[in-house]
2 protein chains.
Amino acid sequence: MSVSLAGRQTWLFDPAPLLLGTGSVVGKREGEGPLAADFDVIHKDPYLGQKSYEAAEQKFLEEACNLAVRWAGIGRDELNLHFSGDLQNQITSSSFTARSLGVPYFGLFGACSTMVEGMQLAALAAAGGAGRLTLASAGSHTNAAEKQFRYPNEYGAQKNETTQITVTGAGAAVIAAPDFPAKPSGAQIRLTSATVGRVVDLNVADPFNMGAAMAPAACDTLLAHFKERGVRPDHYDLILTGDLGRVGSNLLLDLLANAGVFIPSGQLNDAGKMIFSDEPKNLAGGSGCGCLAATACGHIRREMARGRLKRVLLVATGALLSPLTTQQKESIPGIAHAISWEVV
Amino acid sequence: MSVSLAGRQTWLFDPAPLLLGTGSVVGKREGEGPLAADFDVIHKDPYLGQKSYEAAEQKFLEEACNLAVRWAGIGRDELNLHFSGDLQNQITSSSFTARSLGVPYFGLFGACSTMVEGMQLAALAAAGGAGRLTLASAGSHTNAAEKQFRYPNEYGAQKNETTQITVTGAGAAVIAAPDFPAKPSGAQIRLTSATVGRVVDLNVADPFNMGAAMAPAACDTLLAHFKERGVRPDHYDLILTGDLGRVGSNLLLDLLANAGVFIPSGQLNDAGKMIFSDEPKNLAGGSGCGCLAATACGHIRREMARGRLKRVLLVATGALLSPLTTQQKESIPGIAHAISWEVV
């Protein structure tokens with residue numbers, strides 16, 4: 001058996017499934033940020049020629065999926081499973097993408113944790129015998145998300161410095177069974193372990209400070225991962241959360257320190273901090289399903305291919321709120337899912 | 001390895017994971033229907049003492065999960081994984097239930113297909129080595145869903161005869177690894193195979209006729225299941241779709257007949273038809289995540305325990321629309337996921 005359970009919530013994959021190909025597509029603001037050179041495609045038109053932002057979001061997601069399939073060097077009809085999610089009500093951009101792709105499909109909702117949720121399940125299916133080739137994808141669109149969760153960007157409402165900006169973009173990853181033939185050249189990246197998160201809620205109720213709502217979940221999952229996998233933080237060259245932004249990242253460091261875990265700066269980073277520059281206009285950084293998805297599938301995969309990173313732990317964090325639960329005075333439950341990418 | 005792939009989209013489990021316990025909780029209308037005697041709990045108060053229908057939906061779901069855990073004879077802290085989904089925007093009743101339970105959690109969205117989507121993934125995890133004990137759950141609330149997708153029930157808007165009525169209720173199932181000790185007495189039900197659905201869209205765009213939008217997906221999944229598992233329809237004592245209602249069920253029979261597959265009446269039924277009587281006030285029947293979930297986890301499990309059914313194929317169908325996609329003139333993509341329960 002290629003999958004084993006360590007502790008309550010951690011999976012070890014040995015032999016481990018293969019990251020066969022990735023795709024990353026982003027919008028204009030992301031394409032002007034520090035990671036620009038590492039995305040496959042940058043679109044300047046937020047509509048992508050569509051009539052609505054929601055339809056444009058679907059196009060970003062479709063393009064990322066098609067690029068991942070092309071990178072993987074396979075045909076779309078060879079895929080056994082497709083896991084996808086997004087922020088739209090009833091995750092319609094994912095379902096409509098699945099309609100275009102025609103691959104057997106599981107819809108997911110994990111807010112900004114979705115990309116790792118999808119990769120965990122895709123890796124489980126690939127390692128567990130349920131799929132030779134699987135696809136995980138996630139995306140978001142700033143104009144579709146902001147109008148749904150807060151205010152349409154076009155209103156120009158004042159935002160405070162704890163606010164994160166939803167990323168316009170998508171990422172997709174093709175994951176193959178452990179015995180699938182690796183490409184003859186280039187670094188082989190394998191998905192070696194995963195820790196499934198629990199919902200953690202420390203009673204933060206401010207939808208303009210989601211980093212604070214999600215940091216406790218990231219801490220909970222990281223502590224479980226280190227303990228259950230039996231590794232120290234320095235096993236990894238990089239632990240990449242997404243998306244705590246500037247505020248949540250500092251909180252995470254404090255929470256970890258309180259638990260006796262110290263991670264040197266430089267070894268811990270956050271996709272929400274990396275994807276935009278730290279100019280004031282970018283507030284606390286990026287967020288949205290597309291942020292970690294595009295950062296991991298674009299920048300991180302390339303850094304691993306370049307040999308600059310060998311072992312990365314991706315920790316995607318989700319704020320499981322809705323506008324209705326905010327109106328009903330509920331606090332914001334957070335969750336974080338972790339998966340390790342390692343060059344072997 | 002306990003999981004193998006048959007064709008593109010069917011999983012065979014051998015040895016197969018065990019259905020260790022189920023829970024079913026419904027509201028007043030369902031509690032007055034033909035299946036009333038087979039639900040664990042019937043609540044007459046649609047609010048369950050909560051301040052909103054959404055909070056009540058969460059209570060239904062929590063109670064079903066807790067009942068399934070109690071039936072299974074285990075402790076909640078023994079569960080490795082919880083898969084759940086519902087119809088609320090951002091599936092908040094599931095995420096808030098997961099917050100109460102404290103079990104590592106995957107949020108799903110498959111509309112009314114969610115219960116089977118969850119059981120498929122829970123069975124994969126249990127059979128594939130990723131969890132000794134897993135939980136799948138799904139729920140819906142008529143007053144929460146109708147106001148979100150169509151009109152608040154309180155408006156008393158006229159409905160036509162193709163309309164289905166969202167069920168108030170929830171179901172939950174505890175699924176154990178194949179080698180988990182079965183209970184010494186009673187029928188052993190195992191999850192023997194699963195077929196993951198593709199999105200099918202024949203361009204139905206009427207949100208008051210969702211049975212018609214979902215029937216083609218049910219047909220597509222059934223044909224794939226028979227072919228890939230290598231069984232004829234009469235392998236099963238009952239093929240239970242959910243929720244095509246009266247209109248969609250007739251369409252499914254026509255579509256199957258066109259494909260050369262004939263299923264005798266009595267061997268094919270639909271949870272949306274079974275859960276309410278066929279009085280005109282019940283229109284085309286029930287729908288919603290809770291419909292198949294409560295019917296399978298309440299009535300079907302008991303019929304199998306009574307020895308009246310030995311092999312059942314559950315085919316949950318989802319209409320992957322949102323109110324926004326309807327306003328944007330999109331058609332309704334459908335999906336159907338199948339899982340077999342067999343007494344061994």
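How many residues has helix α2 of chain A, and how far does α2(A) reach from its first C-alpha to its last? The legends below take up this helix and then the interface. The model is predicted, so that local features need pLDDT of at least 70 and side-chain atom pairs count only at pLDDT 80 or more, while totals for chains, interfaces and linings use all residues. Residues are numbered from 1 along each chain as its sequence is written, and chains are lettered from A in the order in which they are written.

**View 1. Helix α2 of chain A.** Helix α2 (residues 53-72) of chain A has 20 residues and reaches 29 Å from its first C-alpha to its last, close to the expected 28 Å (1.5 Å times one less than its number of residues; helices are DSSP runs of H or I of at least four residues, and strands runs of E of at least two, numbered from the N terminus). Of these 20 residues, 18 are buried, so α2(A) is largely enclosed by the rest of the structure (buried: 20 or more other C-beta atoms, placed from the backbone, within 10 Å of the residue's own). Gly73(A), with a positive phi near 70°, follows the helix.

**View 2. The interface between chains A and B.** In this interface, 50 residues of chain A are in contact with 50 residues of chain B (C-beta atoms, placed from the backbone, within 7 Å). Elements giving two or more residues to the side of chain A include β1 (3-6), α3 (92-101) and α4 (114-128).

**View 3. The axis relating the copies.** Chain A can be laid on chain B with an RMSD of 0.0 Å by a turn of 180° and a shift of 0.0 Å along the axis (least squares on C-alpha atoms of residues with pLDDT of at least 70 in both). The two copies are thus related as by a two-fold rotation axis, and in chain A the C-alpha nearest that axis belongs to Leu108(A), 2.1 Å away.

Note on methods. Two residues are in contact if their C-beta atoms, placed from the backbone, lie within 7 Å. A residue is buried if 20 or more other C-beta atoms lie within 10 Å of its own, exposed if 12 or fewer, and partly exposed in between; C-beta atoms are placed from the backbone.
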